[in-house]
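The two exercises below are worked step by step, and each solution is meant to be followed with the coordinates open.

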Amino acid sequence: MLEVRDLSVGYEGGDVVHDVTLRVDDGEAVMVIGSNGAGKTTLFRAIVGLLRATTGTVRFDDRDITAVPTQEVVRLGLGFVPAERHLFPRMTVHENLALGAYPSRPDPETLAMVMDLFPRLAERRRQLAGTMSGGEQQMLAIGRALMAKPRLLVLDEPTTGLAPKLAAEAYEALAVLRRRGLTVLVAEQQVPLAMALCDRGYVLEGGVVTKEGSSADLADDPEVRRAYLGIA
Amino acid sequence: MTERFAHATGTSAVGGVEERSARPLGGLVIPILAVGAALSLVPLWLGDSRVMMGIAVLGLAFAAYTIGFNLIFGSTGQLFLCVGALAGIGGYGGAILADVVGLPIVVSIVLATLAAAVVGALLSWVAVRRSLGVIFTGIVTLIFALTFENLLLGLGELTGGESGFLMKAGKGTWLRAQIPPYYLMLGMVLLALFVYGLLRRSHIGWAFRALRDDEVAAELAGIDVARYRIYAATIGSAILGLAGSLLAFTEGRISPTTFGFAEVDVVVIVMLAFGGIGSLLGPILGALTFTVIDELLVEVGQLRVFVYGALVIALFLWIPRGVIPTLGDLRRRRRPTRDS
Amino acid sequence: MTASILDGIVLGLQFGLLATGLTLMYGLGGILNLAYGQMAVISAIVTVSVMDAGLPVVPAALVGMATGAVLGWILDQTVFRPLYSLRGEARVLLSLLLSLGVALMIDGFLNWLFPLKGLSLFIGGGAIDIFGEPMRRGSLLASAITIVAMAALVAFFRFTTLGRAVRSVIEDEEGARLVGIDPRKMLRLILVLSGAIAALVALTRSMVAPVDVTAGFGITVFALIVTVVGGLGSITGALAAGIILGIINAIAASAIGTFMSLIILLVAAAITILVRPAGLLGVKE
């Protein structure tokens, strides 16, 4: 479904991510793990078109989307939830969700599904997004992305700034979505949570993919265990 | 020497590259003297015509305005949209002090210049204290300029309102003669250039460039950004006030439009944009060019404003950095070794 | 006193509506359009011209608004085009300078076309009494039209998908792109809309008092003051600030005179910037 090939991307000072190749198949859940500053956010921003890649290609459903602007990528069925969430703070929860379906009117079924997945959003539909807690904002960000009925959901560190309990809740919701057939690509520093969700994973270090494999294999890898699982 | 000059101005607009060495003062004095020598010949050519000499004096006043604006905006990024108003403080201040209060002319000029400097410093202080940024500084100073214009109109008993202020002081002296005012103005412009050039070369100039390129980095490097901004605004405003004051005493009649936003600020922006923001001789080139263009456009009447507008757009779209820095770039591109 | 307050409210409503156009362009695209007043004046001139040619008032007004909209579209497609590759303050600054150029071009052209400043637009009517005060019919109609336009504008931004999409770009441009909104298209829409708003304000203004062909810069300055006081980018702020400043202006004008009333407005704007840089209703970033 998503195929990233030899992607290099960076900022004015030079590339941060070098020759990354990764793949997400239909129905899969895939994680990209790595420490702070490894280039996960840069990589994801390039995938959705918020950053222009220096070299390499991104294909989504066999269509080259490397140079397609974000707003069009989203309409192709690729939803992105950034770590900073980028909600509309002075709009209500409902308005945020409704905009998720842009340019269509919000589909009542999808809206019900999101409210069902995150009951807190249903309680607070008239509240301004900017006044909600971090956990609620994360739910809203995921909910807003779901309103466009994406086939692939890309999440950049969905647990940023969340208490452990809320982080676990967010991943429970993702697990539900997975079971319903949604394809997921997630970047995560809280590796155990991501491992429980995902089939496969890539380890990104210094902008380069250093390891890849099934979640089980990665969990057995001594280096991964030491660096990301806190097990000597 | 001119080569080095073009080189220096070229790099300074990019910022940072220019060395902060104690180059011999000749690098500064010689181009200024050359400009002075060239401009001092103008009366030989135009001296017969009172009208043309009046235009030349006005052109020099605009050169001084542009130098002052360049010092404030070009060096420290404070968008002062009140060039005319600050010059007007010098002009009206001098006129009122001399005619109404009855002070000697020189004292009036000095006090009026100081008044402009103080107002400029105050505006800058407010902008810096409230960290207003380019746009809000522009809006606040524009508001100040419009307030000043309306004050001139509203305080008609003191200022003569719309019809203007006819000055008694200086009447019948050399200040109103045909040629001497030109040299007075020229001296002032050269002085302003010299002050600006010295500032650019000094420690302060180095700080100016640093903070224009990257304010945060400059602050981290220990530059007191606020203080330098206020310095620049004070000195620049003094130049504006002095120019306005001298213009008033040599013209003998001033009106709100002499110092209006549309009549002064817009023109100064065009002149500076044309010559090159942050360059030493850019303001002179800009003022000269547009004084000539202005004369050529007299015949098209109101379409002059139209042409001005078109020029503003063309300038900012195609040579946003101005003629002198752009030429400097071309020169260096041809000889890349110079920069090594 | 009552009369000047009523006048002030009429004027304030128009100020407020006028400022929404400016504030939207800034909030959405970081564009400070100094040619805004000139857009209004041209639209008004076109309206009067087609009326002279025999068109009734209402269709003529629509033609005028369409003119404003087209002007906005032309700006977007031509002079403002290079702006879109810039970000932040650089974009605001260049927009200010380029639109200043446009304003000069239009002013110069209009002054050349109508050299005697003779053309003033006035679509007036008789007077009727309100609260025992004589109010011109034109003033009342102007207020009614302005209020309707404001209500329509507010409803558009609150309740329609497109209106919400515009607001979303003001709130978080990246967020807007993430839900599939193209900020460029929204900005184009707003430039067109603001042109129509400028036209409408010029037309309603001309029902109350003559609008001179040289009025462009003054209109821009008023709009700018209201925008700044209301908070750059805030629609409700612009509407509220417009009404407040309109009343202040009218009272000051009748009490101390025109020049001083303008000074009071300017000082009010300066104080607002210094005390609350984000404006009355603005939110600090």
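**Exercise 1.** Which residue in E10(A) is the bridge partner of A:Leu204?

*Solution.* This is a predicted model, in which local features need pLDDT of at least 70, side-chain atom pairs count only at pLDDT 80 or more, and totals for chains, interfaces and linings use all residues. Residues are numbered from 1 along each chain as its sequence is written, while chains are lettered from A and ligands numbered from 1 in the order in which they are written.

Begin with the strands (E, DSSP runs of at least two residues, as helices are H or I runs of at least four, numbered from the N terminus). Strand E9 (residues 200-205) of chain A pairs with E10(A) in the antiparallel sense over 6 bridges, where pairing requires at least two DSSP bridges. Within E10(A), the partner of A:Leu204 is A:Val209.

**Exercise 2.** Determine which pair of chains has the most contacts, and describe the side that chain C contributes.

*Solution.* Count two residues as in contact if their C-beta atoms, placed from the backbone, lie within 7 Å. Among the 2 pairs of chains that touch, B and C have the most contacts, with 37 residues taken from chain C and 31 residues from chain B. On the side of chain C that touches chain B, H4(C) gives the most, with 18 residues.
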